[in-house]
Structure formats: C-alpha cells, structure tokens
Amino acid sequence: SCTHTFVAQKVCLSAGTLETPRLLIKSGLAKASDFNFSFHAMIREVAEFNRPVNSMTDLDPHQYWSSDRLQKIGAAVGTPELLQATMRSRGANFNGKLERIASYYSSVPSEGKAGVLKLFGQLHPFLIPSKSFKAKVLNAQETLRAAIVGAGGKLLGNGPPSLSTVHIFGSIPIGRSKLIDNTGRLIRDPERIYIRDASLLPSHPLVNPQGPLMQLILALESQS
C-alpha cells in the first residue's frame, strides 16, 4: 500500500513477451497495435506401448526434426499429472501402468494475423490462423500419429488436434518492429531504454527459446 520512485540513467526492460509491451504502453511509449505475437503450436498425442517408455520425470531429451526444419517431434514431459491432463484432452481412458504411457508432440510455427489486445487493463495475445497454418497443423498431427504407430505405440484417444503452447515470443521482433533499432534500443529514447527478453526473437526457433535468446542477447551486447 505504498509507492516507490526509482530514478535511473538507463533502463533495461526484461519483463517478458507480454509484460514488456504492457510497461511500454503504460508509460505512453507505445500502443497495443505496435506489437506482434508468435508461438510454437504443439499438437499432442498419447500412446500405450508394450514396454516401459516413460521414466515419469520432468524432461525427456528425445527430439526429431523434419528435413526442412519446419516441424519438430519430441517426447513431452512425462509426469503423472501432465500425462493425465493430456489423456483427458484426447478423450482417452487408461487404467494400466503409466510407465507404459508416453506423450509426444509435434511443433510447428504459428502463422496468420497476430498481435495483442488490451482488455480491462491486461494484454491478451491473439492469432487469426492462416489457411496454410491450419493445413500444417493437420499435417503435423498425421505425421506424429504415423510416427507413434510406426514405433509400436497404440494411440489413445482420437479427434481433432489438441493444440497448446508453452513458448510465446516475438511481440517486438528485432529487425521488424518499428519500436526498436537493430540493437534492441527503443527508438523514442535509444540512449536510455533498451529491451533484452524473448519479445525480441524475430522468428520461430521451434525449441525452448532460452538458448537462442541468450545467443541473441550476447550478439546485441557486443554491438552496444
């Protein structure tokens, strides 16, 4: 219930894909229509195998890339809670050993008209998917299901793709946003305000963006 005032010569904004834009809007330095939005669309399936395939841990390192680098298949987090959630999303029922159940995903880049909306003081990302994006989602599901069956898995559940995402980024894509220069500095006040978070990512890495983001930031810092 108190107010603090900070005075600084330089400000580094690193609040995240949505919070950095919110701070800029609240400060009168940008408006909602200035921002973009990207994410990895993850299509999930769950399958039963005749052998243990799940260590029930938080991370599974197995991943595979398509030859065009536009689609990735991987093993999803295999904790009991997330396995149950994925099975519910696919309408699947299973009462056997969870060690024989695995969740897999296929990830494709979002495409279409995207941005953020300001509603009731909060920013909400939106995407109007393009026809090609819808086609890629359906193709990713077919590829994933075929890969699981080819590896000896029995698919649990059916129906349209179950879409989710855990990586959002690119609300202020460097090289494309009119708000910043090529080093991530705010054009309206380049001497004092610069940005260093996932909002800068200009394209889809199709992996956890932490590694690519750190490399991007190192490159930007070397130019500062």
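How many bridges join S4 to S5? Four bridges do, and the two strands run antiparallel. Two strands count as paired if DSSP finds at least two bridges between them.

Before going on, a word on the source: this is a predicted model, in which local features need pLDDT of at least 70 and side-chain atom pairs count only at pLDDT 80 or more, while totals for chains, interfaces and linings use all residues. Residues are numbered from 1 along each chain as its sequence is written, and side-chain values use heavy atoms, with hydrogens and water left out.

**The chain as a whole**

The secondary structure comes to four helices and 11 strands. Helices (H or I, at least four residues) and strands (E, at least two) are DSSP runs numbered from the N terminus. Along its principal axes, the C-alpha trace spans about 60 × 45 × 35 Å. Of the 224 residues in the chain, 42% are buried, where buried means under 20% relative accessible area, exposed over 50% and partly exposed in between (1.4 Å probe, protein chains only).

**Strand S5 and its partners**

Nine of its nine residues are buried. On one side these are Ile101, Ser103, Tyr105, Ser107 and Pro109, and on the other Ala102, Tyr104, Ser106 and Val108. Besides its pairing with S4, S5 is joined to S2 by nine bridges, again antiparallel. Tyrosine 104 is the bridge partner of glutamate 45, and tyrosine 104 is also the bridge partner of alanine 75.

Elsewhere, S6 (residues 112–119) and S7 (residues 122–129) pair in the antiparallel sense over eight bridges. Glycine 115 has phenylalanine 126 in S7 as its bridge partner. The two strands form a hairpin with two residues between them, and phenylalanine 120 in the turn has a positive phi of about 55 degrees.

**Aromatic rings**

A pair of aromatic rings is described by the distance of the centres and the angle of the planes. Rings of Phe, Tyr and Trp (its six-membered ring) pair if their centres lie within 6.5 Å; planes under 30 degrees apart count as stacked, over 60 as edge-to-face and the rest as tilted.

| Pair | Centre to centre | Angle between planes | Class |
|---|---|---|---|
| Phenylalanine 37 and phenylalanine 39 | 5.6 Å | 35 degrees | tilted |
| Phenylalanine 49 and tyrosine 104 | 6.3 Å | 70 degrees | edge-to-face |

Phenylalanine 49 is buried at 5% relative accessible area, and tyrosine 104 counts as buried at 19%. Phenylalanine 37 and phenylalanine 39 are buried too.

**The largest pocket**

On a 1 Å grid over the protein atoms alone, a pocket is an open set of points where a 1.4 Å probe fits, with protein on both sides within 12 Å along at least five of seven lines; lining residues have an atom within 4 Å of a point. The largest pocket has about 400 Å³ of space, a volume being the space filled by probe spheres set on the points. Of its 20 lining residues, Met42, Val77, Tyr105, Val166 and His167 are the closest to its centre. S2, S4 (72–75), helix H2 (80–89) and S5 each supply at least two residues of the lining.
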